[in-house]
Amino acid sequence: MMKKYMLAVLVDNRPGVLTHVSGLISRRAFNIESISAGYTEEPDVTRINVVVSADNETELEQVKHQLAKLVDVIKVVNVSATEHITRELVLIKVRATSETRADIINIVNIFRAKIVDVSPANVVIELTGGQKKIDAIIEAISDYEIIEIARTGAIALSRGPIPAKKM
Amino acid sequence: MIMNGARAVLESLKREGVEVVFGYPGGAVLTLYDELYKMKFPHIETKHEQGAVHAADGFARATGKVGVVFATSGPGGTNLVTGIATANMDSIPLVCFTGQVGNPYIGKDSFQEADISGIVTPITKYNYLVKNVDDLPSVIKEAFFIARTGRPGPVLIDIAKDVFAAELDYEYPEDVRRRGYTGDFTGDESQIDDVVAALNDSERPLFFLGGGVTLADVSDDVRAIIRRVGAPVVTTLMGLGCADPDDDALFGMAGMHGSYAANMSIMDCDLLIGLGIRFDDRVTGVVEEFAPKAKIAQFDIDAAEINKNVRVDYPVLGDLRWSIPILKKKLDGSKADYRAGCAEWRRKMTAMNEEKPFSYKKDTGVIMPQNVIEEVDRLSGDDTIIVTDVGQHQMWAAQFYRARRPREFITSGGLGTMGYGLPAAIGAKLGKKEKKVVLITSEGSIMMNCQELSTLADYDIDVKVVVLHNHMLGMVAQWQRLFYNRHYSESEMNGHTDLVKLADAMGVAGCHITEKRDLVPMLSDALARGGAMLVDIEVPPEEEVLPMVPGGKRLDEMVLGVSE
């Protein structure tokens, strides 16, 4: 049974580092669910959030060790092993006519999502949440015509005051 | 000091103690070669960039120093790829400098442009693209540090053409500061205590030595540990030379073409102590049934090697330079009589080895390839470096040559690169001029980089080239005999090339040996004479490398027997 794990990979912010990390994951035949990267509280450190699926802890340890071996990688933390908060951002562009617009707004309100762009033919919905919530709104809205979807991939922080770099 | 980037590269090499560069010039590195010319920096120009990188690799393996390569952009860089992958698989420290097209031309599909740092990312320990001349000193300092420390490996520095000409105020940094790579690889001593405790409880311990023992230069301590414990010892291909060949605890190489006793000892031991070995598929046989009765201890510098292929009960994570002396001290201080404890186990292995040693049919009228290796062993004596190519001859060399010391058996283990041998032998000889260097190769392998025969002649490099010529791609043909109904698909080598004439045309003396009675006198003359020499020896076409563990079989399911 494959299980998903959220890894926080702290790396030196250098050219090519994202390629090094994602290339390693694919050539070692690990399964990657999502990957996202961004700046952190330190200007020269990038945090890469990787969701990998693995059969067991041994396989997960392999992923962690192979990642940690990269010269640019400062630290790899299995955030899933801590109490943590996961969030993902999604933007959904949906066809909206005068007949359907009210129903769509209804769904948006139920999910506490936001409408961030409106045109005569469509709306763009923004929602932040866990993966299940995002999957649920996509399911609910799919009765209407979804034009396109952009998702950021999951990011996560542990609860409490201790940062990943000190774990 | 104000200087240009090219000069800064060479000044940095001097500070790193680089004795010689292997390379080939071209458009993007003209400025670099101009400074090399002015500084008279020692440089060996091979005939192909692949030759340069294998030569640097052979130099690194023979000396333990970092091998250095220069190549130009585009094809210069891509010709390095096989050599970099070869070094990477066997953890050999290299720093390869490539020229890149000038900054304004990068990304425009310019003439001789290739994204070499992108291409080599999966096969380098690290790599750089230098676009700013001020970055050069710190990049080079880091590159050598990363290449030689920890688990060694190749590093590539790609430098934009205009960077070589640009000026900088040169200062070479004292040290390297990387948050994710400190170069400190000491570990947790209690892990070594666990191994000692396991050894105290073990009735049938076995030492399994790999290339890491060579890379860490700890074979003296390892030999002392082996003498202290008295347990049987087996090695991987890369571990040949780590144990004393005259120690009767040594049962040779294990794995696909390992000795009967070595493979049986793995199947029967109750504690397997792996030192610097990565349990690659060629030594484990079917991995689920590797060492089924044993607890496994693994000493390794690389955390990612623990539990990668086999389950490990007692990992000792850290540099063998740190862990092996501690293990030795703990064992020396122990009151246990290990030798007596495993005497019976060792007697059993000795009996097995005597029953089924590496063997071949001796009463034939033709020159047997295994006999050639035995004669090379006998005639060349101590202070010899054996270099091999890849295939049957490589396995016979591993089985029948008694490597005396580490760094004296040089072979492409992990990648299995045909064409590696000749250039690697060039590098080994230049690194160890006081040693005799003998290349064991075949007519298939040598043709892959035969152009380097002229490098031998042009630089007057004394390498003896012994060709086991069976008119077959021997290992391919062996598999075709065993598993493909003897369909010799493209494995017969009945071409018109006369290797002695080829050598002669390139300036290397050569001779054919076809008669059995000529082998010893002619081989002995060839090995004794000064200067390079190619000896083309006719051996039978259908000889097998045995024993053999077929793919997907356990180590005790060897195909045995003396080949006809």
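Modeller: Gladly! Let's start with A:Lys133, which counts as partly exposed at 33% relative accessibility. Keep in mind that this is a predicted model, where local features need pLDDT of at least 70, side-chain atom pairs count only at pLDDT 80 or more, and totals for chains, interfaces and linings use all residues. Residues are numbered from 1 along each chain as its sequence is written, chains are lettered from A and ligands numbered from 1 in the order in which they are written, and side-chain values use heavy atoms, with hydrogens and water left out.

Colleague: Why is A:Lys133 called partly exposed?

Modeller: Buried means under 20% relative accessible area and exposed means over 50%, with partly exposed in between (1.4 Å probe, protein chains only). A:Lys133 has 33%, so it is partly exposed. This residue lies in helix α4 (residues 131-141) of chain A; a helix is a DSSP run of H or I with at least four residues, a strand a run of E with at least two, numbered from the N terminus.

Colleague: And what is B:Glu171, buried or exposed?

Modeller: Its relative accessible area is 65%, so B:Glu171 is exposed. You'll find B:Glu171 in the loop between β8 (167-169) and α9 (189-201) of chain B.

Colleague: What makes a patch of charge, and which residues gather with B:Glu171?

Modeller: Patch residues have over 30% relative accessible area and no salt bridge, and like charges are joined within 9 Å. A salt bridge is a side-chain nitrogen of Lys or Arg within 4 Å of a carboxyl oxygen of Asp or Glu. Lys and Arg count as positive, Asp and Glu as negative. B:Glu171 gathers with B:Asp134, B:Asp135, B:Asp169, B:Glu174 and B:Asp175, a patch of negative charge on the surface. A:Lys133 belongs to a patch of positive charge with A:Arg87, A:Arg112 and A:Arg159.

Colleague: How do you know that β6(A) and β7(A) pair?

Modeller: Two strands pair if DSSP finds at least two bridges between them. Strands β6 (residues 114-118) and β7 (residues 122-129) of chain A have four, in the antiparallel sense, so they pair. A:Ile115 stands opposite A:Ile125, and a hairpin of three residues joins the two strands.

Colleague: Why is strand β17 of chain B described as largely enclosed?

Modeller: Six of the seven residues of β17 (residues 436-442) are buried, so the rest of the structure largely encloses this strand. β17(B) runs parallel to β15(B), with five bridges, and to β18(B), with six.

Key. Patches are made of residues with over 30% relative accessible area and no salt bridge: like charges are joined within 9 Å, nonpolar side chains (Val, Leu, Ile, Met, Phe, Trp, Tyr) within 5 Å. Accessible areas come from the Shrake-Rupley method with a 1.4 Å probe; for residues, only the protein chains shown count as cover. The place of a charge is taken as NZ of Lys, CZ of Arg, CG of Asp or CD of Glu.
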